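Hi there,

Here is the structure I promised to pass on. Could you have a look at it, with my notes alongside?

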Amino acid sequence: MIARSVVTNLNGLLTPDPKSHWKVDRIDDAAIALEGGRIAWLGKRIDLPAEWTAAPSLDGAGAWALPAFVDPHTHLLFGGDRSGEFNRRLHGVPYAQIAAEGGGIRETVRATRAASVAELVALGEGRLRTLRERGVGHVEAKTGYGLELEAESRLLASYGELRRRGWSLDITLLPAHDIPLEFAGDAEGYAQVVAETWLPELVRRHPGVARYCDVFIEGGVFTVDQGRRIFEAGKRLGLQPRIHADELSWTGGAELAAELGAASADHLMFCSNVGMRAMAAAHVTPILLPTTTLCLGMREWAPARKMIEAGCRVALASDFNPGSSPCLDPLLVLRLGCLQLRLTFEEALTAMTLHAARSLGRGDLGHLHPGARASMALWPVRDPLELVYWVGEAYAPRVIVPEDPCA
Ligand SMILES: [Zn+2]
């Protein structure tokens, strides 16, 4: 990126207002001045201050400038894929049978354990490039397909390398994604090993790489009490909780997120009214993952409207993973946010930018204002509403993303 430049010839600019929950500002015929990877000035082109008129210009080609999307929930790194399983499920084979035969998440765990750091980095870089080409500027990414210390450590090493290469990432430790075969029938014992041995060891080996800790709290996986134990161990290591909560049934995950002051509670198709109010009061971001609901063929879309009415700052994410959301398409997330979660376009945009960034403590991402990082996508549309209106249309934005200064 040029150190000092002005984006001109924009049709307009649309950005959430960080001073409010859901207000979106629109400037027609806009210009944006960039300096050192940050926004120095923005407004109507005719108001561009004289000091910027001689700066090198970047032709916006009549596009609309929006903040680049922030994806606050992905399982970016895993080996293999599950396309074969996908068609078996369409043939009517239940997931429980596929899992009993060693398929499902166990297949991904085997492939991930077999992958080297170099292979994982190459996979991750390909996926991050795809996301960026589609308008995503910053990504949260979890471990969790290793389910053994050395494989989780390789995942964390791979994420550390991706950050060193300049990718804008926040990393979450999720060894408690499932119960590995080695601990079959002993969730309690596994939760204890993760909390007391693995988390401290992973943080010791890879200092400063992970900022968050996650647990899949669900019937048949981990209970609220086992989750609390892991989260408290994570907090002692400086890892803030993010929680897989109330996805397939109500388990009290949203309530636990509020109790712990978690950064986010994610999925929430079966969130209770009490849980919603508790998240709003504790400033926990509910992160909703509509492509997962779609891919699982579920009818229970997360109650986004009720959460907004309860005062929550809802965010949206892709949940990119090989089992329940093999999807690197942010526009599909945006469209399902409108079409199924019944968010307005402005709300869905804010959920995928400002609120997603806030759930990661990134106040300088997800909006376009002086001082914010110049992380933006220039969309070739007459009006930004076209991004959701033309369902299925694949737009190719020009994406400007400065390197992460924290990496
Ligand atoms: Zn997930």
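This is a predicted model: local features need pLDDT of at least 70, side-chain atom pairs count only at pLDDT 80 or more; totals for chains, interfaces and linings use all residues.

**The four-stranded sheet**

Let me start with an open sheet of 4 strands, in which the pairing is mixed and the order reads β5-β4-β1-β6. The edges are taken by β5 (38–44) and β6 (57–59); each has a single partner strand, so one side of each is left without a neighbour in the sheet. On average, and with direction ignored, neighbouring strands here are turned by 20° against each other.

- β5 runs antiparallel to strand β4 (residues 30–35), and 6 bridges join the two. For a landmark, look at Ala30, which has Lys44 of β5 opposite it.
- β4 is also joined to strand β1 (residues 4–8), by 4 bridges, and this pair is antiparallel too. Here Arg4 faces Glu35 of β4 across the pairing, standing opposite it.
- β1 and β6 run parallel, with 3 bridges between them. Val7 has Leu58 in β6 as its bridge partner.

**The five-stranded sheet**

There is also an open sheet of 5 strands, again with mixed pairing, and its order is β3-β2-β7-β16-β17. β3 and β17 (398–400) are the edge strands, each pairing on one side only.

β2 is mostly covered, with 4 of its 5 residues buried.

Continuing along the order, β7 pairs with strand β16 (residues 376–379) in the antiparallel sense, over 4 bridges. Two tryptophans mark the spot: Trp64 has Trp379 in β16 as its bridge partner.

**Two helix pairs**

Next, the helices. How do α4 and α5 pack? Helix α4 (residues 117–133) and helix α5 (residues 149–164) meet at an angle of about 50°, and their axes are 9 Å apart. An angle of that kind makes α4 oblique to α5. The crossing of these two helices is right-handed. On the α4 side the contact is made by Val117, Leu120, Val121, Gly124, Glu125 and Leu128, and on the α5 side by Arg154, Leu155, Ala157, Ser158, Glu161 and Leu162. Sorted by class, this contact of α4 with α5 holds 7 nonpolar, 2 polar and 3 charged residues.

The other pair is α6 with helix α7 (residues 224–236), which pack at an angle of about 5° with their axes 9 Å apart. That makes α6 roughly parallel to α7. From α6 come Ala187, Glu188, Ala191, Val194, Ala195, Glu196 and Leu199, and they meet Gln226, Arg229, Ile230, Ala233 and Gly234 of α7. The contact of α6 with α7 divides into 7 nonpolar, 2 polar and 3 charged residues.

**A residue in a loop**

Finally, is Val209 buried or exposed? Val209 sits in the loop between α6 (187–205) and β11 (210–216). With 21 other C-beta atoms within 10 Å, and 20 or more being the cut-off, Val209 counts as buried.

Which residues does Val209 touch, leaving aside its neighbours within four places in sequence? The contacts are Leu156, Tyr159, Gly160 and Ile171. Take Tyr159 as an example of the reach in sequence: Val209 and Tyr159 are 50 residues apart along the chain, yet 7.5 Å apart in space, C-alpha to C-alpha.

Happy browsing, and do write back with any questions.

Best wishes

Conventions
Residues are numbered from 1 along each chain as its sequence is written. Axes are lines fitted to C-alpha atoms, for helices over the stretch in contact, and angles run from 0 to 180 degrees between N-to-C directions. Angles under 35 degrees count as roughly parallel, over 145 as roughly antiparallel, 65 to 115 as roughly perpendicular and the rest as oblique. A crossing is left-handed if the near helix is turned anticlockwise from the far one by less than a right angle, and right-handed if clockwise. Two residues are in contact if their C-beta atoms, placed from the backbone, lie within 7 Å. Ala, Val, Leu, Ile, Met, Phe, Trp, Tyr, Cys and Pro count as nonpolar, Asp, Glu, Lys and Arg as charged, and the others, Gly among them, as polar. Two strands pair if DSSP finds at least two bridges between them. A residue is buried if 20 or more other C-beta atoms lie within 10 Å of its own, exposed if 12 or fewer, and partly exposed in between; C-beta atoms are placed from the backbone.
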